[in-house]
Amino acid sequence: MPVTKLPFPKQLAYACGMIGWSIMTNIIIVMLPYFYLAPSNSGLIPLVPQLLLFGVFNVMAVVLTSGRLVDAVFDPFIASLSDKSHNPKGRRIPFMKWAILPAILFCGLTFCPLVKAESVHNAVWLTFTLIFFFMSVTAYVIPYNALLPELTSTSAEKVKLSSLQQVGFVIGIIIGAMVNNFADLVQNSFHITNRDTAVQYTVWGLCVFAGLIMLVPVFAIDEKKYSESKPSHLPILQAIRKTFSQRNFKYYLLADFSFYMALSIMSSGLLFFITVLLNLPKSMGGPLMGVMVVVSLVFYPLINYLSKKIGKKPIVLFSFALLSLIFAMIYFLGKFPVSPEVQVYTLVLCTAFPLASLGILPNAILAEIAEKDAIDTGENNEGMFFAVKYLSVKLGQTLGIALFAFLTVYGIDPGHDFGLRLNGICGFALCLAAFIFFTRFKEKALKKVGRGQ
């Protein structure tokens, strides 16, 4: 239980950490395929060849999968170290502090290819930088999220802090999606002729900015004052097995995996959907994200209210169902008998509610799962629960990006766009799967978790 209740300014400081790492991860998710597999109307040079390995997987899909798989092994290791830490300054924040600089460095280096042309050397370099970037971010994210159940005591507090966390995440999405807008500004202000150079300068600047914001919770929150937790004594493999002994956690994990795989398809394809399927300027990416976030913020109080009245599960199920229909719309983008602007803004406005609810509620639900486990077993393994969750998230994101990259073989240019449209069908199937998995989740088992329930 928290020794002192976390005041609102400190809650905002906690949410700042989410802004920082969200900026960097969304730069990778949104810009990486567009930068290295540039479509013909982008002004960029393709940097990774569209070669097929084993006749099935293209090079970019293999690179992205390799980076995430190595990182996935690292997640439980960091979680175990954090859960068992006896550091006098706390179990979480000391890890977060030392992860920031390498995250900045390797995120920036990811957009500095060895060869300014299509080359397998760029693929090798990309694999190296992605592995170390993902490992660095993991060393921040796992301890950061493990703080959530330790800084809160009731379900309402968890939902509130998770809401602020999600605000930070979507702010990071907006900034990450505006790389092209900032690159336009850099290119015009400094008279840079090469588009790729302007993008690189922009990415480095945003990485440094993100790193500074990630420092806010490190310096603003006294972990020992606002949380009281006992180090775990379980070995790493036993701790992992224990998380899977929770029936609710299994279904939560399967739904989360499917959702993040679908979300990565949407994030990776956003600029392609705008420029190729709708023939709109790439600079619209940032403003569209901005509209979606503003509308999402309107739904936050409603989601908090409904979660208290009807529970979290019905809201999550409705969101998965709505999101599956939105993905089905992507297949038909550019073919509806209305203007491209109407099509894309309709898509964005419809997406606002499910992304808001699926950003707020899952972390609050997982915090309750971890807290219930600690009450039942006497072992504080919050870090391991979030590590397994983020292992699943990263695998989902990786496979989502890899699937998107693979489907680009079937067309990513105007007039030859079938590969992009197939991503809409895949996203529909994944969100439908998430809905089915989450129907098996038993919310009543968590009703008594936390004080004041």
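This is a predicted model: local features need pLDDT of at least 70, side-chain atom pairs count only at pLDDT 80 or more; totals for chains, interfaces and linings use all residues.
## Surface patches

A patch joins residues with over 30% relative accessible area and no salt bridge, like charges being joined within 9 Å. At a relative accessible area of 75%, K444 is exposed.

A nonpolar patch is formed by L325, F428, L432 and I436. Together they have about 350 Å² of accessible area. Helix 15 gives the most to this patch, with 3 residues. F428 lies in helix 15. Its relative accessible area is 30%, so F428 is partly exposed.

## Salt bridges

The whole structure holds 8 salt bridges. One of them pairs R92 with E150 at 2.7 Å, N to O. R92 lies in the loop between helix 2 (59-83) and helix 3 (93-109), and E150 in helix 4 (residues 120-151), so the pair ties together parts 58 residues apart in sequence. R92 is buried at 0% relative accessible area. E150 is buried too, at 5%. A network of salt bridges links D83, R91, R92 and E150.

K389 and D256 form a salt bridge of 2.8 Å, N to O. This pair links distant parts of the chain: K389 in helix 14 (residues 382-407) and D256 in helix 10 (residues 247-277), 133 residues apart. K389 is buried, at 1% relative accessibility. D256 is buried, at 5%.

D417 and R421 also form a salt bridge, their closest N and O atoms being 3.2 Å apart. D417 counts as buried at 16% relative accessibility, and R421 counts as buried at 6%.

How values were computed
Residues are numbered from 1 along each chain as its sequence is written. Side-chain values use heavy atoms; hydrogens and water are left out. Buried means under 20% relative accessible area, exposed over 50%, partly exposed in between (1.4 Å probe, protein chains only). Patches are made of residues with over 30% relative accessible area and no salt bridge: like charges are joined within 9 Å, nonpolar side chains (Val, Leu, Ile, Met, Phe, Trp, Tyr) within 5 Å. Accessible areas come from the Shrake-Rupley method with a 1.4 Å probe; for residues, only the protein chains shown count as cover. A salt bridge is a side-chain nitrogen of Lys or Arg within 4 Å of a carboxyl oxygen of Asp or Glu. Helices (H or I, at least four residues) and strands (E, at least two) are DSSP runs, numbered from the N terminus.
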